[in-house]
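Please look through the structure below with its aromatic rings and its pockets in mind. The report that follows takes up these topics in turn.

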Amino acid sequence: MVLNAETISQQSLPKHVAIIMDGNGRWAQSRNRPRTYGHKKGVDAVRNSVQFCKNLGIESLTLFAFSSENWRRPEDEVTTLMGLFLFVLTKEVKKLHKSNVKLTVIGDLSRFPSSLQERINAAHQLTSENTGLQLNVAANYGGRWDIAQAAQKLATQVAEGSLAPEEITEDEISKHLTMANQSELDLLIRTGGDYRISNFLLWQAAYAELYFTDTLWPDFNDEAFSEAIACFVSRERRFGCTGDQIKQLLAASKTTS
Ligand code: IPE
Ligand code: IPE
Ligand code: MG
């Protein structure tokens with residue numbers, strides 16, 4: 001990202017928010033219910049968060065729904081999650097489309113059942129021209145996978161002779177990641193009390209603000225989301241500069257606007 005007065009002045013609200021939606025299992029277990037009950041409740045929190053972002057005018061929301069490592073879970077939990085994903089896609093896509101949401105599922109989709117892949121492709125097609133909230137759902141997604149698949153595409157171009165090795169720049173890698181052409185990630189939220197990235201947006205998180213909360217995902221409501229946004233707004237993003245430089249840029253942006 002080019003740092004200038006204009007980009008600084010636009011930084012009060014995040015444009016792109018990503019969430020590691022963690023804590024469904026513990027939420028259910030604390031109520032003596034099966035973990036899958038927590039996943040079902042988690043869908044309500046997803047719906048609510050999408051609405052919250054639409055209301056606030058956030059440009060992109062990226063939700064971590066299933067990681068490339070989540071296949072390691074017990075088979076019945078994975079089966080329930082796949083079923084839930086298919087059910088939600090079937091039920092919600094029309095509503096998302098009506099509210100002008102552009103839905104993109106990111107991740108290695110080739111491992112999903114064909115019924116689910118078809119549904120995902122149909123959702124992409126239906127919503128591709130929408131201009132409202134960009135909603136990315138990360139499924140069978142891993143940050144390392146994302147970088148590796150970009151590297152494969154670039155290596156193919158080098159092998160074909162259309163790209164020189166020295167043309168592999170940061171920009172060129174960015175252009176081949178699954179969220180190329182979307183705004184930079186500003187805020188990465190993790191619910192559920194753990195302090196890790198769990199192989200989510202490794203490249204994109206380089207200069208994102210990180211926000212961790214103990215709130216379990218099914219309890220993540222408007223108030224909890226607002227707290228995360230308020231915390232983001234209160235922070236000073238320096239991108240390697242000094243605080244004084246940032247203050248000067250901010251003052252310059254105020255006089256030019
Ligand atoms: C997040 O909740 C949802 C997925 C990973 C699919 P978890 O299922 O990880 O819930 P906890 O962390 O075990 O409570
Ligand atoms: C991260 O949560 C993945 C999703 C929220 C989809 P996990 O529960 O899988 O993360 P770890 O295993 O605690 O790192
Ligand atoms: Mg978890």
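## A buried ring pair

Phe 64 is buried, with a relative accessible area of 8%, where buried means under 20%, exposed over 50% and partly exposed in between, for a 1.4 Å probe and protein chains only. Tyr 141 also counts as buried, at a relative accessibility of 0%.

This is a predicted model, in which local features need pLDDT of at least 70 and side-chain atom pairs count only at pLDDT 80 or more, while totals for chains, interfaces and linings use all residues. Residues are numbered from 1 along each chain as its sequence is written, chains are lettered from A and ligands numbered from 1 in the order in which they are written, and side-chain values use heavy atoms, with hydrogens and water left out.

## Aromatic pairs

The structure holds 13 aromatic pairs; rings of Phe, Tyr and Trp (its six-membered ring) pair if their centres lie within 6.5 Å, and planes under 30 degrees apart count as stacked, over 60 as edge-to-face and the rest as tilted. One of these is the edge-to-face pair of Phe 64 and Tyr 141, with 6.3 Å from centre to centre and 85° between the planes. Because Phe 64 lies in strand β2 (residues 60-67) and Tyr 141 in strand β4 (residues 134-141), the pair ties together parts that are 77 residues apart in sequence; strands (E, at least two residues) and helices (H or I, at least four) are DSSP runs, numbered from the N terminus.

Tyr 207 and Phe 239 form a tilted pair, 5.3 Å centre to centre and with 50° between the planes. Tyr 207 is partly exposed, with a relative accessible area of 48%.

## Charges over rings

Arg 33 lies over the face of Tyr 37, at 3.8 Å from the ring centre, and the charged end of Arg 111 sits over the ring of Trp 71, 4.2 Å from its centre. A charge sits over a ring if NZ of Lys or CZ of Arg is within 6 Å of the ring centre and within 35 degrees of the ring normal.

## The lining of the largest pocket

Helix α4 gives the most to the lining of the largest pocket, with ten residues.
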